[in-house]
Amino acid sequence: MAGFFSNSIERNLGFEPTADQRNLFTELETFVGDRECGIMVVAGYAGTGKTSALGAFVRTLHQMNRKFVLLAPTGRAAKVLSGFTGFRALTIHKQIYRQKSLDGAFGKFSLDPNMSKDTFYIVDEASLITIGGDSGGNVFGSGDLLDDLMKYVRGVPGSNNKLILVGDRGQLPPIGMEESPALDLDFMSQFGPLRSAELCDVVRQEKESGILHNATIIRRMLADCDIDTPKLELEGFDDICRITGGELIESLSDSVSRYGLDDIVVLCRSNKRANRYNMGILSQVLGREEQLNRGDKLMVVKNCYQFEGKDDDDNFFLANGDVARLLKISRYQERYGIHFAEAKLQFPDYDNLEISAKVILDTLTSESPSLSNAQQQALFDGVWEDYSDVTNKKKRYKMVREDPYFNALQIKYATAITCHKSQGGGWPCVYIDNPFWQDMVSAEDLKWLYTALTRASQKVFLVNFKDEFFK
């Protein structure tokens, strides 16, 4: 049977594999049959056929009646994974956590017992998986997502479940980290025996892409520790170009007509820059006069666990980074020093789920990622005072936790976003705002630009980049 599994993957690939892909298929075959090894790390740079190879592997598992679960760190990444494999993918949080307790402001999501056996858990965009803390304030499990994922996959003794972590080491690691722990072989070895494979060779059909050509220049600089101003190459490519600020409005208008607003994103280094872009696009490109309008693209910037209009999943929640389309906005009001409105939102990454909820308008144009600590505390104090007639502290706390104002969605405009917020997603057309490069270019700067470039599938516009960035 040796070679049968890897040959099946190759047939499902549909084209001649690169040497790296063929090696990956051999490693996968060995991994599938190894009862002692439960972890495999697959690292692949942009354009190396990682996505195609993963899809071929999943189709092979399906044909051989092997059980598998597809996961990703974000709703957008899960939607992308579903699209290229043809099988439904879930977010890691949705798969491994269940709401078990009502303690705390939002309740507690505990690690769900996993009784599955002989199942492959395949996680794409693994570079986004965090360790040692949770942006949700330890609402989820231990607060260490990677450790909780490992515990869930292992399940009961003798389960023989396996975990495959797939990602791109060139992308930005989680905030505050120098490397992505889930793709770090030394770090992952603490969880037991593991196998690995790496894809570096660009597949034949991608070699004419200027986007991938320049992404490859940057990732080779990172691999060689050549930390310097990159020399981008645009000549001979029609999918990547540079424009000035004076050309920006006309270019954006043309792109909106060609691709549609949902398929365009502007990537910035800071929330302040993203705000300036969003305001300019709304007024000068879209001709909007109102603050919010039907069809506006919005992003949730803080996890929300309770709201009207959810689907039949009791554990469903909206996560920081989820993108929505505004269908209706009404009933503006101010309370607790914060501005609210009633909104009807549609979430494309959740099968166009429609949700009616209060939204907070103050975060739309703030330079902070979400409400400041002072605003959050004022909101809590104000809602707490609203229930001053409730003498039982536990009941009062529960009522605050379920209050629609306290649970109002914190939102920002989502046509221009930070590069960190873009990870796990992709758009046909991407505008990259010249980041505020320091005198010395750092490895983080290079990873930022690599990540920004690789969000685009068809066209990249480099905005206000200086001459020194080009060959």
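This is a predicted model: local features need pLDDT of at least 70, side-chain atom pairs count only at pLDDT 80 or more; totals for chains, interfaces and linings use all residues.
Local features were taken at pLDDT of at least 70 and side-chain atom pairs at pLDDT 80 or more, while totals for chains, interfaces and linings use all residues. Residues are numbered from 1 along each chain as its sequence is written, and side-chain values use heavy atoms, with hydrogens and water left out.

Helices (H or I, at least four residues) and strands (E, at least two) are DSSP runs, numbered from the N terminus. Strands of a sheet pair through backbone hydrogen bonds, either parallel or antiparallel. Here two strands are said to pair if DSSP finds at least two bridges between them.

Five strands, in the order E11-E12-E13-E14-E15, close into a barrel with mixed pairing. From one strand to the next, the twist averages 50°; axes are lines fitted to C-alpha atoms, for helices over the stretch in contact, and angles run from 0 to 180 degrees between N-to-C directions. Glu342 stands opposite Lys358 in E14.

Helix H11 (residues 373-386) lies across strand E12 (323-335), E13, E14 and strand E15 (409-413), where contact means heavy atoms within 4.5 Å. The helix runs at about 95° to E13. H11 also meets helix H12 (residues 393-401): their axes come within 9 Å and cross at roughly 125°. That angle makes H11 oblique to H12; angles under 35 degrees count as roughly parallel, over 145 as roughly antiparallel, 65 to 115 as roughly perpendicular and the rest as oblique. The crossing of H11 and H12 is right-handed. A crossing has this hand if the near helix is turned clockwise from the far one by less than a right angle, and is left-handed if anticlockwise. On the H11 side the contact involves Phe380, Val383, Trp384 and Glu385, which meet Lys393, Arg396, Tyr397 and Val400 in H12. The residues of this contact divide into five nonpolar, no polar and three charged. Ala, Val, Leu, Ile, Met, Phe, Trp, Tyr, Cys and Pro count as nonpolar, Asp, Glu, Lys and Arg as charged, and the others, Gly among them, as polar.

The open sheet also has five strands, in the order E9-E18-E17-E10-E16, and its pairing is parallel. Strand E9 (240-243) and strand E16 (416-418) are the edge strands, each pairing on one side only. On average, neighbouring strands of the sheet are turned by 30° against each other, direction ignored. Three bridges join E16 to strand E10 (residues 264-268), and the two run parallel. Cys268 has Thr418 in E16 as its bridge partner.

Helix H14 (residues 443-453) lies across E9, E10, E17 and strand E18 (456-463), at about 150° to E17. The axes of H14 and helix H8 (residues 210-223) come within 9 Å and cross at roughly 160°. H8 and H14 are therefore roughly antiparallel to each other, and their crossing is left-handed. The residues of their contact divide into ten nonpolar, one polar and two charged.

The structure holds 17 salt bridges, each a side-chain nitrogen of Lys or Arg within 4 Å of a carboxyl oxygen of Asp or Glu. One of them joins Asp433 to Arg273, with the closest N and O atoms 2.8 Å apart. Asp433 lies in strand E17 (residues 427-433) and Arg273 in helix H10 (residues 271-285), so the pair ties together parts that are 160 residues apart in sequence.
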